[in-house]
Amino acid sequence: MSSIAAVPTASAGTRRVLADVIARPSSRARAFALDAGLVIAGATIVALLAQVEIPLWPVPITGQTLGVIVVGAALGAWRGAAALTTYMLVGLAGLPVFAGFTGTVAAVGKPSFGFVIGFIFSAFVAGWFAQRAWDRRPALAFLGFAAASVVPFLFGIPYMAFILNVVMGLDYSFGALLEVGLLPFIVGGLIKAALAAAIIPGAWALVRKADQTKN
């Protein structure tokens, strides 16, 4: 059973994620408060990594994807998705959490905003794999996190095509869209998945070592 009271009992094949080992709240109110704190912390991590940026147009290269994967894996599917939903909403509300310390509802008109939407689902996928213990072995973690890294493009490229070709009246072909919205990010995406596949299993190794020390 999850150590967080508000999280339902794990189903077959589903295990605890890292967030479930940090505390054991004794009431639903405390469990809710802990979950809320974790969601806010996750959104903050992504906001910080969003400022690690290589400016490109129409989509910059940032550290967001690494944050999305780590947050999703550490918090689990639903809390990870909630963290990225929070990140998106506070950015739209005006807080400077998007790349380049920007934040405004006008972000929905940017070609890159579809990737922000995709981050929500990417975090869910990373958390889904983590809840099945793929995050405890580097090789499996890399496969799961690489799959999660693909998800933002499923939202980002169609959204980018709409903004560029329909809203802005440009004429980007499918190949041109891939050239600016996918190809520059492949190597970086693999590197970020590899980093996450080192960070999360490494954290689990520390948890196991701490448990052995207590025993």
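Predicted model: local features only at pLDDT ≥ 70, side-chain atom pairs only at ≥ 80, totals over all residues.
Side chains of opposite charge can pair when their charged atoms come close. The count of salt bridges here comes to 2. In one of them, the side chains of Asp 20 and Arg 79 meet with a separation of 2.7 Å from N to O. This pair links distant parts of the chain, since Asp 20 belongs to the segment before α1 (28-50) and Arg 79 to helix α3, 59 residues apart. Asp 20 and Arg 79 are both buried. Arg 79 also forms a salt bridge with Asp 35, where the closest N and O atoms are 3.1 Å apart. Because Arg 79 lies in helix α3 and Asp 35 in helix α1, this pair ties together parts that are 44 residues apart in sequence. Like Arg 79, Asp 35 is buried. Through shared partners, the salt bridges join Asp 20, Asp 35 and Arg 79 into one network.

Next come the aromatic rings. A pair of aromatic rings is described by the distance of the centres and the angle of the planes. The count comes to 9 aromatic pairs. One of these is formed by Tyr 87 and Phe 98, whose ring centres are 5.5 Å apart and whose planes stand at 75°, so the pair is edge-to-face. Tyr 87 sits in helix α3 (residues 77-92) and Phe 98 in the loop between α3 and α4 (113-130), so their contact ties together parts that are 11 residues apart in sequence. Tyr 87 is buried, with a relative accessible area of 1%, and Phe 98 is buried as well, at 7%.

Phe 115 and Phe 153 form another edge-to-face pair, with 5.5 Å from centre to centre and 85° between the planes. Here the partners come from two helices: Phe 115 lies in α4 and Phe 153 in α5 (residues 138-167), so the pair ties together parts that are 38 residues apart in sequence. Both count as buried, Phe 115 at 7% relative accessibility and Phe 153 at 18%. Ring pairs also link Tyr 87, Phe 98, Phe 113 and Tyr 159 into a cluster. A ring can meet a charge too: the charged end of Arg 136 sits over the ring of Trp 204, 3.9 Å from its centre.

Helix α2 (residues 64-75) is worth a look of its own. Its 12 residues reach 16 Å from the first C-alpha to the last, close to the 16 Å expected at 1.5 Å a residue. The helix is mostly covered, with 12 of its 12 residues buried; among them are Gln 64, Thr 65, Leu 66 and Gly 67. Following α2 is Gly 76, which has a positive phi near 95°.

Finally, the view turns to the surface. Trp 57, Phe 162, Val 166, Val 167, Met 168 and Leu 170 form a nonpolar patch there, with about 600 Å² of accessible area together. Of these residues, Trp 57 is found in the loop between β1 (53-54) and β2 (61-62). Elsewhere, Asp 211 has its place in helix α7 (residues 186-214) and is partly exposed, with a relative accessible area of 37%. The C-alpha atoms of Asp 211 and Leu 164 are separated by 53 Å, and the two residues lie 47 residues apart along the chain.

Note on methods:
Residues numbered from 1 in each chain as written. Heavy atoms only, no water. Patch = residues over 30% accessible without salt bridge, like charges linked within 9 Å, V, L, I, M, F, W, Y side chains within 5 Å. Areas by Shrake-Rupley, 256 points an atom, 1.4 Å probe, with all protein chains shown as cover. Salt bridge = Lys/Arg side-chain N within 4 Å of Asp/Glu carboxyl O. Helix = DSSP H or I, 4+ residues; strand = E, 2+ residues; numbered from the N terminus. Phe/Tyr/Trp six-rings, centres within 6.5 Å; stacked < 30°, edge-to-face > 60°. Buried < 20%, exposed > 50% of the residue type's maximum accessible area, 1.4 Å probe, protein only. Lys NZ or Arg CZ within 6 Å of the ring centre and 35° of its normal. Expected span 1.5 Å × (residues − 1).
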